[in-house]
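Please open the model in a viewer and keep the selection panel at hand.

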Amino acid sequence: MEKTESKETGTKKLDFRVQRTYRSLMNALTDALREKNFEDITVGELCDRAMIRRATFYKHFADKYDLFSFAIRELMTQFTQENALTYDPQNPGEYYVAMIDRALRFMEQHLDAFTSVMKSSSSQVLLDIISDEIEKDTLLHLRADEENGAVLPARPEPLAAMMTGSLVYVMRWWSRQDCRMPRKELVDIYTSVVKIL
């Protein structure tokens, strides 16, 4: 079963074996990033760590960048699903505050992997992948908020770009600090910014 059918369009459910393959590869990528820079990780190494054949990898992903992009999409999907039950369309700003809180919490839990991404010679490409996925998700939510009656201060497209840029660059800045500002303090600052929504 193709990942585009199940993961991107949601029209078909993944069978258990494919889910296990994706999960194993994502874990392999995270573990490898704790030990080395992205450019030093090979598809063969990821396959060995995930205990799958290279042919299986290439059946689902074009290369390690495609796997990285998929992993970011999966994190965004998981976040959206976890927040679906508590999401209040009358108070859409809470979603975006939860998004930065979740992003920073994830960074805290995987700081060595995120730092590896930032130190990589491929860091700009990887940041672009992260930004693209966050911007797509944010734009979908802003458009939905607008359709539900929220009065936005600008069109959804530039707002999504601005919110994504601020989130990604705050994440990058925060990861580089020797004495990091507490996550809650950063979230409080972000909260005051998104109160305009």
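**The whole chain**

Begin with the protein chain in cartoon form: it has 10 helices and zero strands, where helices (H or I, at least four residues) and strands (E, at least two) are DSSP runs numbered from the N terminus. The model is predicted: local features need pLDDT of at least 70, side-chain atom pairs count only at pLDDT 80 or more, and totals for chains, interfaces and linings use all residues. Residues are numbered from 1 along each chain as its sequence is written, and side-chain values use heavy atoms, with hydrogens and water left out.

Next, display the surface. The protein chain exposes about 10800 Å², of which carbon and sulfur atoms supply 53%; accessible areas come from the Shrake-Rupley method with a 1.4 Å probe, and for residues only the protein chains shown count as cover. Of the 197 residues, 44% count as buried. Buried means under 20% relative accessible area, exposed over 50%, and partly exposed in between (1.4 Å probe, protein chains only). Among contacts (heavy atoms within 4.5 Å) with a separation of 6 or more, 64% are between residues 24 or more positions apart.

Select residues 43-50, which form helix H3. Six of the eight residues of H3 are buried, namely Val43, Gly44, Glu45, Leu46, Cys47 and Ala50.

Now show the side chain of Glu45. Is Glu45 buried or exposed? Glu45 counts as buried because its relative accessibility is 16%. Its side chain is joined to that of Lys36 by a polar contact of 3.1 Å. A polar contact is a pair of N or O atoms within 3.5 Å; within protein, one must be able to donate a hydrogen and the other to accept it, and residues adjacent in sequence count only if both atoms are side-chain atoms. With neighbours within four places in sequence left aside, Glu45 is in contact with Ala32, Lys36 and Asp40.

Move on to Met51, in the loop between H3 and H4. Met51 is not a glycine, yet has a positive phi of about 60 degrees. Most residues other than glycine have a negative phi. At 74% relative accessibility, Met51 counts as exposed.

**The second largest pocket**

Which residues lie closest to the centre of the second largest pocket? Select Arg17, Val18, Thr21, Thr56 and His60, the closest of the 14 lining residues. The pocket holds about 230 Å³ of space. On a 1 Å grid over the protein atoms alone, a pocket is an open set of points where a 1.4 Å probe fits, with protein on both sides within 12 Å along at least five of seven lines; lining residues have an atom within 4 Å of a point.

Colour helix H2 (16-35) and helix H4 (54-60): each supplies at least two lining residues. H2 gives the largest share, five residues. By type, the lining divides into five nonpolar, four polar and five charged residues.

Select Glu133 in helix H8 (residues 123-147). Glu133 counts as buried because its relative accessibility is 8%. A polar contact of 3.3 Å joins its side chain to that of Ser69. Beyond neighbours within four places in sequence, Glu133 is in contact with Ser69, Ile72, Arg73 and Met76.

Finish at Ala161 in helix H9 (residues 156-176), which counts as partly exposed at 35% relative accessibility.

Notes: Points joined across faces, edges and corners; volume = space filled by probe spheres on them. Nonpolar A, V, L, I, M, F, W, Y, C, P; charged D, E, K, R; others polar.
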